[in-house]
Amino acid sequence: MISQMGLLKGKYFKAADIPTPIERTINRVRQQHFDDGPKIVLGFENEPQEAVLNRSNLTIVTDRLGDDEQGWIGHRVRLHVEQIRVRNTPVGSIRVTVIE
């Protein structure tokens, strides 16, 4: 049976892609330029989607794993969604937790 959900997922994780927390192992780290500037992007083992780190998530990762992003490879992270307020409207935001 063909799952439409698998066909509709984009290159980068969105909050809607993570209904429950998921754990992944980092296997690549790169910088990508977006309209709002450069950001760090994490790639994962056995996972086609990547995670774009906002400033908060970048701080969480660097506080635990250091500034040398090549040293992040092989570490596991948990991705989950947290509700935040943007212009007084609740929206889902992806949060990253380093688990090892």
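Colleague: Is Arg95 buried or exposed?
Modeller: Arg95 counts as buried, at 14% relative accessibility. Buried means under 20% relative accessible area, exposed over 50%, and partly exposed in between (1.4 Å probe, protein chains only).

Colleague: Where do these values come from?
Modeller: This is a predicted model: local features need pLDDT of at least 70, side-chain atom pairs count only at pLDDT 80 or more, and totals for chains, interfaces and linings use all residues. Residues are numbered from 1 along each chain as its sequence is written, and side-chain values use heavy atoms, leaving out hydrogens and water.

Colleague: Back to Arg95. What does Arg95 form a salt bridge with?
Modeller: With Glu82; the closest N and O atoms are 3.5 Å apart. A salt bridge here is a side-chain nitrogen of Lys or Arg within 4 Å of a carboxyl oxygen of Asp or Glu.

Colleague: Which strands does that pair tie together?
Modeller: Arg95 lies in strand E5 and Glu82 in strand E4, so the bridge joins parts 13 residues apart in sequence. Glu82 is partly exposed, at 36%. Strands (E, at least two residues) and helices (H or I, at least four) are DSSP runs, numbered from the N terminus.

Colleague: How many salt bridges turn up in the whole structure?
Modeller: The search finds 8. One of them joins Glu47 and Arg24, at 3.0 Å from N to O. Glu47 sits in strand E3 and Arg24 in strand E1 (residues 22-34), 23 residues apart. Glu47 is buried, at 13%. Arg24 is partly exposed, at 22%.

Colleague: Which residue does Glu50 meet?
Modeller: Arg28, in a salt bridge of 3.5 Å, N to O. That pair links strand E3, with Glu50, to strand E1, with Arg28, 22 residues apart. Glu50 is buried at 5%, while Arg28 is partly exposed at 32%.

Colleague: Which residues are linked in a network?
Modeller: Glu23, Arg76 and Arg78 are, through salt bridges.

Colleague: Let's zoom out. What pattern does the protein follow along the sequence?
Modeller: The order is α-β-β-β-α-β-β. That comes from 2 helices and 5 strands.

Colleague: Last one. Which residues form the negative patch?
Modeller: Asp63, Asp67, Asp68 and Glu69. Patch residues have over 30% relative accessible area and no salt bridge, with like charges joined within 9 Å. Asp and Glu count as negative, and the charge is placed at CG of Asp or CD of Glu. Glu69 is partly exposed, at 32%, and lies in the loop between helix H2 (55-65) and strand E4 (76-86).

Conventions: Patches are made of residues with over 30% relative accessible area and no salt bridge: like charges are joined within 9 Å, nonpolar side chains (Val, Leu, Ile, Met, Phe, Trp, Tyr) within 5 Å. Accessible areas come from the Shrake-Rupley method with a 1.4 Å probe; for residues, only the protein chains shown count as cover.
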